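Hello,

Here is the structure you will be working with. My notes on pockets and salt bridges follow below it.

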Amino acid sequence: MTEELPLAGLRVLDISSFIAAPAAAVALADFGADVIKVEPPGEGDPHRHNYKSPNYPRAPKQVNFPWQLDGRLKRSLALDLKNEQARPVLERLIARADVMIVNFPPPARERLKLRWEDVEPTNPRLVYCSLTGYGETGPDRDRPGFDITAYFGRSGILDAARYEGGPPGLSLPAQGDRATAMTLVAAILLGLRQRDRTGKGCWVGTSLYANGVWANGTSAAGALVGATLPPRLPPDKPRNALTNLYRTKDDRWLQLLMVRDDRLWAPFCQLVGRDDLLADPRFADREERKTRAAELFQELAPLFASKTYAEWEQLLSSTGIPFGVIGRLSDVIDDPQAEHAGIFADTANPEVPRTVNNPIRLGFAKPRLSGLPPDVGQHNEEVLRELAYSEADIAALKRAGALG
């Protein structure tokens with residue numbers, strides 16, 4: 001491992017709220033970037049308070065684990081961007097920044113003069129990254145977008161994933177935001193590469209909508225040529241009983257994925273003690289097994305229900321028969337494989353001693369250890385002194401209400 005992280009010395013302005021854009025800034029901070037989070041005085045980024053939401057996981061005591069995840073390794077500057085006295089401060093920040101991340105809808109950016117064309121004259125070398133719900137132009141450019149509406153809803157993911165005749169299931173908090181954050185990281189690094197090549201800054205960005213359709217890309221590409229997905233059938237009405245979900249004795253769900261049943265059907269039957277199925281004319285070949293999938297399900301469902309998932313794992317794991325558990329988060333946090341994959345990261349915050357690591361892995365560097373995330377405006381004076389503001393200047397900004 002190298003001593004210096006790859007983004008050490010990179011200055012990033014995180015002028016964003018909620019999750020996808022701030023999460024992208026976290027990934028940059030993990031690898032050494034100096035991230036200054038510009039947020040409103042008082043309550044700060046609304047995401048600071050999401051841990052109280054009834055839609056979020058409930059901890060035994062009120063611990064702000066989402067803010068540890070998305071606020072870590074940042075410095076907080078509480079600056080009221082609607083106050084005209086704050087503009088000179090913002091322009092000094094922009095002048096020395098390498099990257100600026102924003103996610104206000106276009107009308108808000110126009111009012112606050114935070115568009116690329118507004119800030120480029122201040123810093124022509126700036127990589128300006130914007131996130132929208134639905135895109136920078138078009139009839140819905142001004143519509144606020146969240147991951148459940150833009151990423152999952154409008155992209156077709158929720159409709160395609162529902163069982164036939166049933167309502168769409170809703171996504172869990174911030175799932176689309178976190179995937180989109182990695183697109184933002186990639187866009188920023190491409191922008192920095194462009195600046196390295198040309199000496200000039202640039203605009204980069206993405207939308208939640210675009211990322212949702214990208215995630216749903218196989219189905220969307222099919223739709224472009226007129227292809228449609230067949231309705232998703234529930235486990236008790238499978239099209240193929242050998243690529244299906246089964247409930248185990250301990251109320252877990254096992255995903256059987258025997259796509260090569262031409263090779264594996266006989267070994268499977270022998271392994272589970274059902275040699276009689278090999279002689280059953282209903283299941284004599286692959287086509288018969290698909291045609292009679294509902295009947296085969298009726299044979300296999302009691303079989304899988306007779307053992308626990310752990311017993312099935314021990315029985316199947318060395319056979320080459322593909323299978324997997326529908327994991328529970330309570331299992332993931334203690335999964336030895338998660339430890340090897342670096343999925344979780346230790347922190348120096350005793351209230352949140354572990355958090356989720358970003359998914360990027362480097363052979364030459366590891367992310368920084370995070371401490372407590374910042375309070376609103378915790379680094380006001382520190383940041384302003386770096387911008388050459390005197391104590392008297394800072395006091396004047398506070399009196400004017402520009403600084404929290």
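**Pockets**

The lining of the second largest pocket divides into 25 nonpolar, 10 polar and 9 charged residues. The classes are: nonpolar for Ala, Val, Leu, Ile, Met, Phe, Trp, Tyr, Cys and Pro; charged for Asp, Glu, Lys and Arg; polar for the others, Gly among them.

This is a predicted model: local features need pLDDT of at least 70, side-chain atom pairs count only at pLDDT 80 or more, and totals for chains, interfaces and linings use all residues. Residues are numbered from 1 along each chain as its sequence is written, and side-chain values use heavy atoms, with hydrogens and water left out.

The second largest pocket holds about 1100 Å³ of space. Its lining has 44 residues, and Ser17, Phe18, Asn103, Gly145 and Phe146 are the closest to its centre. A pocket here is an open set of points on a 1 Å grid over the protein atoms alone, where a 1.4 Å probe fits, with protein on both sides within 12 Å along at least five of seven lines; lining residues have an atom within 4 Å of a point. Volume is the space filled by probe spheres set on the points, which are joined across faces, edges and corners.

H4 gives the most to the lining of the second largest pocket, with 4 residues. Helices (H or I, at least four residues) and strands (E, at least two) are DSSP runs, numbered from the N terminus.

The largest pocket has about 1400 Å³ of space. It is lined by 39 residues, with Phe65, Leu69, Arg178, Leu329 and Val356 nearest its centre. By class, that lining has 24 nonpolar, 7 polar and 8 charged residues. Elements supplying at least two lining residues each include helix H8 (175-198) and strand E11 (354-356).

**Salt bridges**

The count is 35 salt bridges (a side-chain nitrogen of Lys or Arg within 4 Å of a carboxyl oxygen of Asp or Glu).

Which residue does glutamate 295 pair with at 3.2 Å? Its partner there is arginine 282. Glutamate 295 lies in helix H14 (residues 293-304) and arginine 282 in the loop between helix H12 (275-279) and helix H13 (286-291), so the pair ties together parts 13 residues apart in sequence. Glutamate 295 is partly exposed at 31% relative accessible area (buried is under 20%, exposed over 50%, partly exposed in between, with a 1.4 Å probe and protein chains only). Arginine 282 is partly exposed too, at 24%.

Arginine 292 also forms a salt bridge with glutamate 295, at 3.1 Å, N to O.

Arginine 385 and glutamate 391 meet in a salt bridge at 3.7 Å, N to O.

Best wishes
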